[in-house]
Amino acid sequence: MLDAIETYLALRRTTGFAMSTAEYLLKSFAVFAAERGQTYVETKTAIDWAALGPSVAQRDARLRAVCRFVRHVRVEDVGHELPPANHFGARKKRRTPHIYTTDEISRLVEAALRLRPTRGLRPHTQATLIALLSSTGLRISEALKLTIADVTRDGLLIRETKFRKTRLVPLHDTAAAGLQRSRARLRR
């Protein structure tokens, strides 16, 4: 089973998936199944292994990793059983997103400018970050990775995004002016 797992992981990585968590889980499952003398995925074994997770969400994630692997490997070998994906009944609950109003964003920027030390870079850096996030829609991780070289005439060059791509985010004239003021403050 380990060979099939390695092949599956290699294929998924070539298509852009990180697979570090899946690798850990699938190899753990393979060891568990091998201890039971199994070379194919069996539903009961997959459920028993997944049930070792400390929470319902983790048990569900463990079983789903096995299910994804089985869907892949069954194309060539139908000897593997496909466990029921929602056996543990876990459901992700996302909080309702809050979209900040213009007034709320202004208050956040003003509060950031009152941070201490008032004559240092911290207040201006935080205010610039908040304004940049609100005007561009960048992810916080993307904004924090920006360097001065990423600010171009055409916009912001976002490198290695969530899906490992690079993209250009156009800037409104007011956002570009704000970044220029920030850059000038940094030079001083």
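**Note on contacts, cores and salt bridges in the predicted model**

1. Leaving aside residues up to four places away in sequence, Asp-60 touches Ala-85, Asn-86, Phe-88 and Ala-90, where contact means heavy atoms within 4.5 Å. Asp-60 is found in helix H4; helices (H or I, at least four residues) and strands (E, at least two) are DSSP runs, numbered from the N terminus. At 8% relative accessibility, Asp-60 counts as buried; the classes are buried for under 20% relative accessible area, exposed for over 50%, and partly exposed in between, with a 1.4 Å probe and protein chains only. The side chain of Asp-60 also makes a polar contact with the side chain of Arg-64, at 2.8 Å. A polar contact is a pair of N or O atoms within 3.5 Å; within protein, one must be able to donate a hydrogen and the other to accept it, and residues adjacent in sequence count only if both atoms are side-chain atoms.

2. On the basis of the analysis: this is a predicted model, in which local features need pLDDT of at least 70 and side-chain atom pairs count only at pLDDT 80 or more, whereas totals for chains, interfaces and linings use all residues. Residues are numbered from 1 along each chain as its sequence is written, and side-chain values use heavy atoms, with hydrogens and water left out.

3. Which residues have the most contacts inside the largest nonpolar core? They are Met-1, Phe-29, Val-41, Val-66 and Phe-69, in a core of 24 residues. Helices H1 (2-14), H2 (20-35), H3 (43-50) and H4 (56-73) each supply at least two residues of this core. Apart from it lies another core, of eleven residues, including Leu-129, Leu-146, Val-169 and Ala-175. A nonpolar core is here a set of buried Ala, Val, Leu, Ile, Met, Phe, Trp, Tyr and Cys residues joined through side-chain atoms within 4.5 Å.

4. Not counting residues up to four places away in sequence, Met-1 touches Phe-29, Ala-30, Ala-33, Gln-38, Thr-39, Tyr-40, Val-41 and Phe-69. Among these partners, Phe-29, Val-41 and Phe-69 are also listed with the most contacts inside the core.

5. A search of the whole structure finds ten salt bridges, each being a side-chain nitrogen of Lys or Arg within 4 Å of a carboxyl oxygen of Asp or Glu. One of them joins Glu-6 and Lys-27, with the closest N and O atoms 2.9 Å apart. Glu-6 lies in helix H1 and Lys-27 in helix H2, so this pair ties together parts that are 21 residues apart in sequence. Both ends are partly exposed: Glu-6 has a relative accessible area of 36%, and Lys-27 stands at 28% relative accessibility.

6. Lys-27 forms a salt bridge with Glu-23 as well, the closest N and O atoms being 2.9 Å apart. These two residues both lie in helix H2, four residues apart, about one turn of the helix. Glu-23 is partly exposed at 22% relative accessibility. Glu-6, Arg-13, Glu-23 and Lys-27 are linked in a network of salt bridges.

7. In helix H3, Asp-48 and Lys-44 are likewise four residues apart, about one turn of the helix. Their salt bridge has its closest N and O atoms 2.9 Å apart. Asp-48 counts as partly exposed at 22% relative accessibility, while Lys-44 counts as exposed at 57%.

8. The loop between H5 and H6 contains Pro-117, and a cis peptide bond joins Arg-116 and Pro-117, with omega about -5 degrees. Pro-117 is one of the residues touched by Pro-123, together with Ala-112, Leu-113, Leu-115 and Thr-118, not counting residues up to four places away in sequence. Pro-123 is located in helix H6 and counts as buried, at 0% relative accessibility. Pro-123 and Leu-113 are ten residues apart in sequence and 4.5 Å apart in space, C-alpha to C-alpha.

9. Two backbone angles may be checked by eye. Met-19, in the loop between H1 and H2, has phi near 65 degrees, a positive value in a residue other than glycine. Is Met-19 buried or exposed? Met-19 is buried, with a relative accessible area of 9%. Glu-160, in the loop between strand S2 (155-158) and strand S3 (167-169), has a positive phi of about 50 degrees although it is not a glycine. Glu-160 counts as partly exposed, at 48% relative accessibility.
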